[in-house]
Amino acid sequence: MKKTKNVEELQAICRKVRRDIIVMLTAAKSGHPGGSLSAVEILVTLYFDVLRHDPANPKWPDRDRFILSKGHCAPVLYSVMAECGYTPIDQLNTLRKLGSIYQGHPDMRFIPSLEASTGSLGEGISLGIGMALATRLDKRPSRTYVMVGDGESQEGQIWESAMFAPDKKLDNLVVITDYNKIQLDGFVKDIMDVSPLAEKWKAFGWHTIELDGHSIPALQAAFAEAEQVKGKPTAIIANTIKGKGVSFMENNPKYHGVAPTEDEEKRALQEIG
Amino acid sequence: MATKTKYELKTGVATREAFGRALVELGRENKDVVVCDADLSKSTMTLYFQKEFPDRFFECGIAEANMVAIGAGLATAGKIAFVSSFSCFAINKGFEQLRVTVAYPGVHNFKCVGTHSGISIGEDGPSQMSIEDIGLACSLPGFTVMSPADEVATKALVRASVSYAGPVFIRTGRPKVPIIYQADQKFEIGKSIELVEGKDITLIAHGLLVAEAIRAAETLEGEGISARVIDMHTIKPIDRDAIARAAAETKCIVVCEEHLVESGLGVRVAQVVSETTPCVMEYVGIQNTYAESGTPEELIEKYGLLAKNVVAAAHKGLSRK
């Protein structure tokens, strides 16, 4: 797919994706807006600038792969994939409805171009490791990117996989933590603090980059830096704002898992522009 | 084909040993075969594969959940991934990952081989004994579940699983086991093998208990009772035709297994029987308990998994027929 280096173009796509997220969640009447909105710049930068992929040939063996380990944030992934041309844009508002390809959590049975079916937290990095091992074995140029949540990082399997990848020198693997500081029951620091995240990943042997997860230039630079790192995987700790772009959702734990009402939808769309 | 010849049941190698040897052969034939283990390669016998194909062997350390999902990732990316550990660790610690990363998306190239199943591991005791694995593996939609009885069966079924389109769980054991099959015996996933012909009662077994069922049939023959013996090496999908025929023709079935009777082969046979020709059934297996330390022989005796227990169950069943 043609890459869009232009930051303004990428920002324009981000606005479209945020609108998609709000509209599809309002139609669905349930789902997870907060963690979808916090991850928009990361996914847009990946899909429109970083990943080597071809929506017309989704099983291209040399493609880069992306796994949304925090599967409940499916709306951001669905919107980005639809904007790329993988899936129909005009069906986004069937999200979570019987028969929709846009299932509550990403489901490969309904969208074969997904790299993984996720939703049970903690498992995406391990899956990504398997794919990174396979493509390295086949001497393919493919890189594998996995996004996890900060709350998700309370899962033990995250740290099993964090131990594995540096041991196997998997430099074709990048893990991005969407560090939006909020999980279902409240603020991560109050539920079970995961900080300091960058220090943890560094101690596990990862090349670690901490950045503003809403800064497209910072994300572009980090993904480029990761590609140059040899002999170890890269962990990007992306500081983000849960609900980013919609003032009444920002930093509000309520919108981890509550869909906007129609009135809220109107206000949100006005703000996003 | 059924035969009337007596089985010698000479001691052969352990099924885990046969698995390890089979993996090497398959690795030579197919460069896409890869293996993951969790710090037990000297016991699961994947060390043979590791020695010959170090680049295609992934030591995952003592982290089974991660290992299972890595195997799923490898298989999703086109490899034929064998994931191995003690059965109890692979299936229990990896169950969530078997469910969400393998069964639910339907990862066809994923093959899990559990070793040290049942109570015949002996001295290590219940924390290492896998007596729930058949039940758990069978509960995963789309999974194929097998329990080979000897070296020939293990090699054949491990080989068959490579070209088989679907996730697979194969259960193997620690101790040396009797040789049942000739080297040229043909195996087909999902098709049981009638080892002894019989018309009065049918003994259906898997794994370690197949040899005990054969011995029991010989004892029963001495009493004038004609017992059919079936090796149900594939527990899921189960051979419905063989069960329905046994139920209709012998009207009495004893299921024999080194597994909890609550969730093993027995309940699956009973389901088929209830859907076809209801008949009297008895169950030889582990009865709602965990075992303990001891020699394998002592444990098999104490927990009632010998030919004499099969004979007693047969008598009980025949008395109710």
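**Group meeting: a predicted two-chain model**

Let me begin with chain A, where buried residues make up 54% of the 273 residues, a residue being buried if 20 or more other C-beta atoms lie within 10 Å of its own, exposed if 12 or fewer, and partly exposed in between, with C-beta atoms placed from the backbone. What you see is a predicted model, in which local features need pLDDT of at least 70 and side-chain atom pairs count only at pLDDT 80 or more, while totals for chains, interfaces and linings use all residues. Residues are numbered from 1 along each chain as its sequence is written, and chains are lettered from A and ligands numbered from 1 in the order in which they are written.

On confidence, the model scores ipTM 0.96 and pTM 0.97, and chain B averages a pLDDT of 97, with 98% of its residues scoring at least 70; pLDDT is the predictor's confidence in each residue, from 0 to 100.

Staying with chain A, there are 10 helices and 7 strands, where helices (H or I, at least four residues) and strands (E, at least two) are DSSP runs numbered from the N terminus. The radius of gyration of chain A is 17 Å, close to the 19 Å from the globule rule for 273 residues, so chain A is as compact as a globular protein of that length; the radius is taken over C-alpha atoms, and the rule is 2.2 Å times the number of residues to the power 0.38. Of the contacts in chain A with a separation of 6 or more, 76% are accounted for by residues 24 or more positions apart, a contact meaning that two C-beta atoms, placed from the backbone, lie within 7 Å.

Chain B has 13 helices and 14 strands, and its C-alpha atoms fill a box of roughly 60 × 40 × 35 Å along the principal axes. Buried residues make up 58% of the 321 residues in chain B.

How is chain B divided into domains? The assignment gives domain 1 (12-178) and domain 2 (193-320), with bounds that come from an automatic or database domain assignment. The contact between them takes 27 residues from domain 1 of chain B and 29 residues from domain 2 of chain B. On the domain 1 side, the elements that give two or more residues are helix 7 (133-138), strand 6 (144-146), helix 8 (151-163) and strand 8 (176-178) of chain B. Helix 8 of chain B has several buried residues, including Leu157(B) and Val158(B), and their cover includes strand 1 (11-14), helix 1 (15-29) and strand 5 (110-115) of chain B.

The largest nonpolar core has 189 residues, and those with the most contacts inside it are Leu203(B), Ala213(B), Ile253(B) and Val310(B). Both domain 1 (12-178) and domain 2 (193-320) of chain B give residues to this core, so it lies between them. By a nonpolar core I mean a set of buried Ala, Val, Leu, Ile, Met, Phe, Trp, Tyr and Cys residues joined through C-beta atoms within 7 Å. Leaving aside neighbours within four places in sequence, Ala213(B) is in contact with Leu203(B), Ala205(B), Val229(B), Cys256(B) and Val310(B).

Finally, the contact between the chains takes 19 residues from chain A and 23 residues from chain B. Which elements of chain A give two or more residues to the side that touches chain B? They are helix 5 (124-137) and helix 6 (156-167) of chain A, and helix 5 of chain A gives the most, with 10 residues.
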